[in-house]
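Here is a short walk through one structure. Keep the sequence and the model side by side as you read.

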Amino acid sequence: MGQVTQVFQPPLYWQQFEDLTQSVVELAYGIAMANKIGRPGQAQDGVDVYAARTRAGAIGVQCKRLDDLDENNNPLPGGPIDRKLLRSEVDKALAFRPKLDLWVLATTAKRDAGIQRQARLLDEEHRAAGHFQVQLWFWDDYVTWLNAYSDLQQRYYDQIIGIRNARDQDRLILETIATAFHRPAFTDPLGQEHFDDFLQALKDTQAALRTGELVDRQSRHVIRKAVGGWRYLEEPAWRAGLKNLDDELTELRGLLIAGIKDGRLEQRRGYLDVRDHRLARDLERRRHDCLARLNDLLVRAALRPI
């Protein structure tokens, strides 16, 4: 019997994709270390990851985490590439020193026959001119490598290796979002909340809801990470429920800021003083509704409510 393969989502941020690509080069070409070139904002001559003296010679990889936008103009992984972009990046790599033997455009985009044909034609043209070979790595190729190299899985996807189906992945996302909501901003009386901390807590919670990443309040380091936020849920009813929760948080933040601006809410020694009773009731109701919506989803997913 053949081995069942695991499906992996692309990294959420380009730095993570670049790190993963560096490890892929090291494992796939059997070298001790590949090097990342430069830092953001520096000219890199079409190369993000470089490795010398491999069995393919000198390799340069340009990482492109390309995005489509959803109906709300929010990024989704797996956008398209075209001939113009490919040609532009190849031309940049011609200036890289030392000279390359192989240049790769690595992308989170899905495999596409049309651009594969363009890459083959460009590769043929380059070989005839004595330049480096041209290849494409799509996210489909990364999934193959992740399934082939257990070390790669452990390093970058240890949290989801145990996932067996879409429902398991949905539950992992929900658990991470539930952790983000388990904070004083949703339980303590409003008068005990420091305004800046309260507003930051709402921002962090909403960021976790949208990205699947939860950051530490003090260090701002990521302390828990799922494979994505509510848009990555496969279960339509759960996805719709979390979208409504996201909208509710937006309105809660808007009420808080508006209350400060129009004087209905003041800061006394840094803490919230809601002078308007109607605003106080509205804020409390919305906090309660957020938890109620989330707990309903958690129960439906057979997870422990907050």
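At what angle do helix H6 and helix H8 pack, and how far apart are their axes? The angle is about 20 degrees, and the axes of H6 (residues 166–181) and H8 (residues 236–262) are 12 Å apart. Axes here are lines fitted to C-alpha atoms, for helices over the stretch in contact, and angles run from 0 to 180 degrees between N-to-C directions. H6 and H8 are therefore roughly parallel to each other (an angle under 35 degrees; over 145 counts as roughly antiparallel, 65 to 115 as roughly perpendicular and the rest as oblique). H6 contributes Arg167, Asp170, Arg171, Leu174, Ile177 and Phe181 to the contact, and H8 contributes Trp238, Leu242, Leu245 and Leu249. Contact means heavy atoms within 4.5 Å. By class, seven of these residues are nonpolar, none is polar and three are charged (Ala, Val, Leu, Ile, Met, Phe, Trp, Tyr, Cys and Pro count as nonpolar, Asp, Glu, Lys and Arg as charged, and the others, Gly among them, as polar).

A word on the basis. This is a predicted model, in which local features need pLDDT of at least 70 and side-chain atom pairs count only at pLDDT 80 or more, while totals for chains, interfaces and linings use all residues. Residues are numbered from 1 along each chain as its sequence is written, and side-chain values use heavy atoms, with hydrogens and water left out. Helices (H or I, at least four residues) and strands (E, at least two) are DSSP runs, numbered from the N terminus.

Now the sheet. Five strands form an open, mixed sheet in the order S1-S2-S3-S6-S7. Two strands pair if DSSP finds at least two bridges between them. S1 (35–36) and S7 (133–137) stand at the edges with a single partner strand each, so one side of each lacks a neighbour in the sheet.

Follow S3 (residues 57–64). S3 pairs with S2 (residues 49–54) in the antiparallel sense over four bridges, and a hairpin of two residues joins S2 to S3. Ala51 stands opposite Ile59. S3 runs parallel to S6 (residues 102–107), joined by six bridges. Here Gln62 faces Leu105, and Lys64 faces Thr107.

Helix H2 (residues 83–93) packs on this sheet and touches S3, S6 and S7. H4 (residues 139–148) lies across S6 and S7, at about 75 degrees to S7.
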